[in-house]
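Welcome! This short report looks at the pockets of one protein model. Have a look at the sequence and the structure before reading on.

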Amino acid sequence: MTDYRFDPFDHRQTQNMWSLMRELRANAPVSRPRSGFVYLARHEDIKQAFRDAENYSSAEGFRGEGIEVPLEESFLGEIDPPLHQDLRNLLRQVFRPGIEREAETFARDYITRLWHNVAAKGSADLVSDFGYPIPSAVTTHLLGIHTDHNERVGQWGYELVHSTWPETNATERGVGLAGAFPEFTDFLDTQIAERRARSVCGKDLISLMTRAEVDGSQRLSDLQIRTLSANVLLASLSTSNLVGNLLYRFVSDPELESALRRNPELIPNAVEESLRMEPPAMFMMRTARNDIEVQGEKIARGERVILGIASGNRDERVFDEPDVFRLDRPNARNHLSFAPGVHHCVGNQLARMEARVVLETAIDIFSEGDLCLAPGYRFENVPMFLELGPNTLDVEVRKRR
């Protein structure tokens, strides 16, 4: 096997390896970027690995080599079946089919207010003023957390995912979520205690978790509820990258804006094409539970396997003109950005709805060409090794209605 070396924990490398991905798909669909790690580059192999929980474990999640996290502090994406399925079924009581329609009224009102704020100010950073508040607000709404707390919850989430915690389960402040982010955990613990004290169980997710039983008999501990609440909040932040990527194209590509204004029915496909070309998470990790063979190459038990979503989403075997953003792409939804299989993102329809409503309301509130990039703006990705999205998105409003 030829070595194609890169550091999967260095965002300066992972966010700038499109030509390397193309070479890997062509010549080395299974490669080793560093000792103990295997990278899968082709759509078919990645999709199969996502669906094969018997051979690919999620237990080590996105952590660095040798980092162990207690089970009760593990996110859903770090837990294997059967416990994973029990917890997933619990979350699906809230993230059920059709939840995006129920949440759309709240989301549309909230997003409309944000756009009117942008219009009134005449300028904004659509990431900090827009991208992060939206998914945070919708998710806190589902968790039963008052919208007044949205700004600080969103800020905690931003700081957490851009810290050393995702890789090492620690920051300079301490180990684990409680040690690394004590204010965030204290806030969640207070929310849980309030739900425990209520005589009538509400319909929000935190309330449901305080009353839920896992495996038909065991109640969730406060620590598990805190972990799952944080998991849901932080998972929603990947939607910020989706919103940021989509809005960057909208404000920087006049032809795209014009096409969407003429044909708003293409907005859902624009969302899918954004998810395909600029996946909010560029890859996910698994650990080989057994010796596996992929494309004739051996993967040894215990090796970390990087499922290269960003590479698979541009696989020439699946997508024509894979490096071109096409509103008319018939199979745009075949992307891997929501992880097919047992770990398929439970909030995928919410993310799609939020991104769609962002564009629909922008078109309704602003005239064509009103929103433009601020002078001197330079695109820079978020400084996070597995994410893809603008770190800032400074815009100005040329005209106001």
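## The second largest pocket

Let us begin with the second largest pocket of this predicted model, whose volume is about 200 Å³. It is lined by 11 residues, and those closest to its centre are Arg 96, Ile 99, Glu 102, Leu 142 and Lys 203.

Which elements give two or more residues to this lining? They are α5 and α7, the latter spanning 133-143. The most comes from α5, which gives 3 residues to the lining of the second largest pocket. Sorted by class, the lining holds 5 nonpolar, 2 polar and 4 charged residues.

## The largest pocket

Now turn to the largest pocket, with a volume of about 320 Å³. Here 16 residues form the lining, and Ser 128, Tyr 132, Pro 133, Glu 151 and Gln 155 are the closest to the centre. Two or more lining residues come from each of these elements: α5 (99-121), α6 (127-131) and α8 (150-161).

Which element gives the largest share of this lining? That is α8, with 5 residues. By class, the lining of the largest pocket divides into 6 nonpolar, 7 polar and 3 charged residues.

## Seeing the two together

Terms used:
Residues are numbered from 1 along each chain as its sequence is written. This is a predicted model: local features need pLDDT of at least 70, side-chain atom pairs count only at pLDDT 80 or more; totals for chains, interfaces and linings use all residues. Side-chain values use heavy atoms; hydrogens and water are left out. On a 1 Å grid over the protein atoms alone, a cavity is a set of points where a 1.4 Å probe fits but cannot get out, and a pocket is an open set with protein on both sides within 12 Å along at least five of seven lines; lining residues have an atom within 4 Å of a point. Grid points are joined across faces, edges and corners, and a volume is the space filled by probe spheres set on the points. Helices (H or I, at least four residues) and strands (E, at least two) are DSSP runs, numbered from the N terminus. Ala, Val, Leu, Ile, Met, Phe, Trp, Tyr, Cys and Pro count as nonpolar, Asp, Glu, Lys and Arg as charged, and the others, Gly among them, as polar.
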